Every structure is written in structure tokens, then in C-alpha cells.
Amino acid sequence: MLRFGLKLIFRAVTRRFGKLAIAFIGVAFAIACLVLLEGIMEGVGDSMIYNSISIHHGHVSAKWNGNSVDLDELRRNLPEAESILVRRRFGGTLVASDKSASLMLYGVEPKPEGERTVVNSKIVEGDYLKEGGSIVLGKQLAVQLGVNLGDVLDFSCPGCEAEFIVGGIYRTGIELFDARSGFVNIEDGFGDEYEAAFFLPPGSDPQSFAAALKDVLPEAEITSWQDSMAELVQLVDLNHVSMNIVLLLAFLILAFGVSNTVFISVAERTREIGIMKAMGFTPMQIQFFVLLEVLFLVSFAAVLGSLLGTVATSFFAQEGIDLTRWTSENPHFISSGIVYPRLTMRSIALPLLAAFSCGLIAAYLPARRAGKISVNEALRTI
């Protein structure tokens, strides 16, 4: 009997595929769009994180007092880090004529720092640390001190005094950063306070990396971007919540569409269902076969949609999606407005799970209706 029922399902699907094609295509298209949208949302999250950490912090930051570390040894012990920037940090006071301002100066290596962080790309006047003894200031701080390129500034901190020439002025748009951060060559730094910024590949877990880093630098104060950027954590979480809402709405729309299609299919097959009952099929068996038929169609459509969505996401992951027009004034897209969608297990599994659940729930009422059709009712349709 099971074999006969499966034959009926196959015949019904093949003979009625034209009528079922709209529902089939709708499910496949919806799943493809959901996979792509989930990938884009992951890419938006990655882009916000990258842009925010590339200002200065890195995915993980370490601060310690003492001597600088062996960078090659750090790379050997932490191969998962894409890049490591080691800096000297020292706070003090800048004096220009009759004006002064407190700030944190960072002694950096210009080439690796300029390639990984955004200050080099945000220079609005002058150059980025081309000469020893030069200093790069934020535009807001330069206006506050009333200085221009080439002006000499006196810097003092506990136990140190120096002169720096304004070689460059940058503007990131982050007011606090622009007003309180300056950069000099690492050879021009003072004191024994150091920090390192660690940049990781997309999708990495900064918390796990921070735990591993603690074993390598046990005396350091280590913070991940999640620890220091609560606002950004909320924005990334909001992305996931928004995607879950979209999934729920898509689930309801798909369920309604599939349920309507199956109701029509059951109504048109009343005679066939009546014959099955006359042959000895129980209502439970008929319900099972209707559910199985719907699950077969939805599963096939969902797999096809997932493949299409994966191909589309992979294409845009290589090419990127330029959102600069809508993000140019957003501080979380300070470096670049290009988003690269990223496939994850969530981006594939959630749409598939939604499709399967949608098919089963949507087919439940039509299946019950099919199970309740009597032989007499079926005979009246002949």
C-alpha cells in the first residue's frame, strides 16, 4: 500500500507540476532571496566591525608596561592574526603659543599602521609621518590649538619634553578621537607603555583569540572590540534581530501560499482520494501522503533556492556591494562603504529550516481536509 501511495504522489506531482510550478518557483525564489539577504546582513555586520576597529583598536587590543615585544614571536604564537600593530603610547600636553591641549600620543610604524588603520586615508592636509620629529593631529585638535602645517609644538609629559613639527592633519569624523589622539614615529615615542592591535579574519571569534592572547601576554590588559564598543555590539545584534523578523514574515507568507495551493490540489483530487479510501487507505495514511507530497515539493524548491542564493552570495562576496551613497556620514563605515556578503551556516540553515517548517505547517489543514473526504463525497464528483 505504501508503494502504491508513493506512485500516486509521483503521478500527481508530475501531472500537476504546471499548476504547482508557481508555488514551487515562489518557494525557491524566496529561499534564494533569504540566503542572499542573510549573507548581506552578515556582510553589513562585518563591514561595521571592520570600519570601527580599523580606526585604531583592532579586533583585540593589548596594553602593558615594560619593554616592547618580539613581533615575529607574537606572529608565531598567534598565527590566526592577519596583522599585528605594536605601538608606544604616552599621554601629555601639547602647547602652541598660548594654547594647550591634553592628548594621547601613539608612536607607530608608519607603513604597517597606514595600511591597516584609517588615519592615513583620512589625511586632509600634509602627509602621514614621512619624517622623524613630525606629528599628525586631528583636525579638531589642530583648530583648537590654532596650528597649521609646519608649526612647531612643545610636548611635555612626566619625565619628558620634546618638540614636534605638524606634518599632517587628519579628520575621521569621530570627534573624541580627532580631538584627543595624535601620532608620531615609534622612534620618537617616550616611556614604557605599549599596546598592540590585533586584526583577525572575518568570522573569527575575538573572545577566543583574547583568551589565547592572555597566555602569550599574561601581564597585558586585553580587551576585544565587544568589550570596548557596546554600541557596535548592539548594532550587530540588531542586524540579527531584523533578519529574524524578515524570516518570520517570509515564513508566514510562504505558509499561506503553500497552504492555499495544497487546498486547491486536494479539492481537485477529491475523486482520487475517494478511490484511495475505497481501496482501504485510512484517513491517517491519506494525510501522511499529502504531507509527504508537499514536503517533497517544498524540499526540492528549498534546495534549489539555497543553491541559487549561495551562487548569488558568492558572486557578491567577490564583487562587493557599494553602499557608500547611504553610509558616507555613518561613523561605522568610516573606512569603506563596500559590503561583502558572507555565507555562514546560519545563512543557509535558517532559510532551509523555515522552508521545511513552512511546508509541514501549511500542509497540515489541507491534509486533514483530505483525510476527512468520504467515499460518497468523492463519488459525487465523478
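This is a friendly dialogue on how to read a predicted protein model.

Visitor: Where do I start? How many helices and strands are in the protein chain?

Guide: Welcome! Keep in mind that this model is predicted. The protein chain holds 14 helices and 12 strands. It has 382 residues, and 47% of them count as buried. The chain exposes about 19400 Å², with carbon and sulfur atoms supplying 60% of that area.

Visitor: What share of the contacts joins residues 24 or more positions apart?

Guide: Here we look at contacts with a separation of 6 or more, and residues 24 or more positions apart account for 79% of them in this chain. Let me show you two places to look. Pro341 and Glu38 are 303 residues apart in sequence, yet their C-alpha atoms are 8.2 Å apart in space. Likewise, Ser336 and Tyr50 are separated by 286 residues in sequence and by 9.1 Å in space, C-alpha to C-alpha.

Visitor: Is Pro341 buried or exposed?

Guide: The word "buried" means under 20% relative accessible area. Pro341 has 4% relative accessibility, so it counts as buried. You can find Pro341 in the loop between strand E12 (338-339) and helix H13 (345-372). Setting aside neighbours within four places in sequence, Pro341 is in contact with several residues, including Gly39, Ile40 and Gly43, as well as Thr313 and Phe316.

Visitor: And what about Ser336, which residues is it in contact with?

Guide: Beyond its neighbours within four places in sequence, Ser336 is in contact with Ser47 and Asn51. Ser336 sits in the loop between helix H12 (324-327) and E12. Its relative accessible area is 25%, so Ser336 is partly exposed.

Visitor: Now the nonpolar core. Which residues of the largest one touch the most other members?

Guide: A core is built from buried nonpolar residues whose side chains are joined. The largest one here has 24 residues, and Val27, Ile31, Leu34, Val258, Val298 and Cys358 touch the most other members. Two or more residues come from each of helix H2 (17-53), H9, helix H11 (283-319) and H13. H2 gives the most, with 8 residues.

Visitor: Which residues make the nonpolar surface patch?

Guide: Leu238, Val241, Ile245, Leu248, Leu249 and Leu252 make a nonpolar patch of about 560 Å². Take Val241, which is found in helix H9 (residues 230-268). With 45% relative accessibility, Val241 counts as partly exposed.

Visitor: Which cysteines form a disulfide?

Guide: To spot one, look for a pair of cysteine sulfur atoms within 2.5 Å. The count comes to 1 disulfide here. Cys157 and Cys160 form it, with their sulfur atoms 1.6 Å apart. The torsion about their S-S bond is about 125 degrees, so the disulfide is right-handed. Cys157 is buried at 14% relative accessibility, and Cys160 is buried with a relative accessible area of 11%.

Visitor: How many salt bridges are there?

Guide: The idea is a side-chain nitrogen of Lys or Arg within 4 Å of a carboxyl oxygen of Asp or Glu. The count comes to 10 salt bridges. One of them joins Arg75 and Asp72, whose closest N and O atoms are 3.6 Å apart. Both residues lie in helix H3 (residues 71-77), 3 residues apart, or about one turn of the helix. Arg75 is partly exposed at 42% relative accessible area, and Asp72 is partly exposed at 46%.

Visitor: Which salt bridge ties together parts that are 108 residues apart in sequence?

Guide: Look at Glu195 and Arg87, whose side chains meet in a salt bridge (2.8 Å, N to O). Glu195 lies in strand E9 (residues 193-199) and Arg87 in strand E2 (residues 83-96), so the pair ties together parts 108 residues apart in sequence. Both Glu195 and Arg87 are buried. Glu195 also meets Arg89 in a salt bridge (3.3 Å, N to O). That pair links strand E9 with strand E2 across 106 residues, and Arg89 is buried, as is Glu195. Through shared partners, salt bridges join Arg87, Arg89, Glu113, Glu193 and Glu195 into one network.

Terms used: Residues are numbered from 1 along each chain as its sequence is written. This is a predicted model: local features need pLDDT of at least 70, side-chain atom pairs count only at pLDDT 80 or more; totals for chains, interfaces and linings use all residues. Side-chain values use heavy atoms; hydrogens and water are left out. Patches are made of residues with over 30% relative accessible area and no salt bridge: like charges are joined within 9 Å, nonpolar side chains (Val, Leu, Ile, Met, Phe, Trp, Tyr) within 5 Å. Accessible areas come from the Shrake-Rupley method with a 1.4 Å probe; for residues, only the protein chains shown count as cover. Helices (H or I, at least four residues) and strands (E, at least two) are DSSP runs, numbered from the N terminus. Buried means under 20% relative accessible area, exposed over 50%, partly exposed in between (1.4 Å probe, protein chains only). Contact means heavy atoms within 4.5 Å. A nonpolar core is a set of buried Ala, Val, Leu, Ile, Met, Phe, Trp, Tyr and Cys residues joined through side-chain atoms within 4.5 Å.
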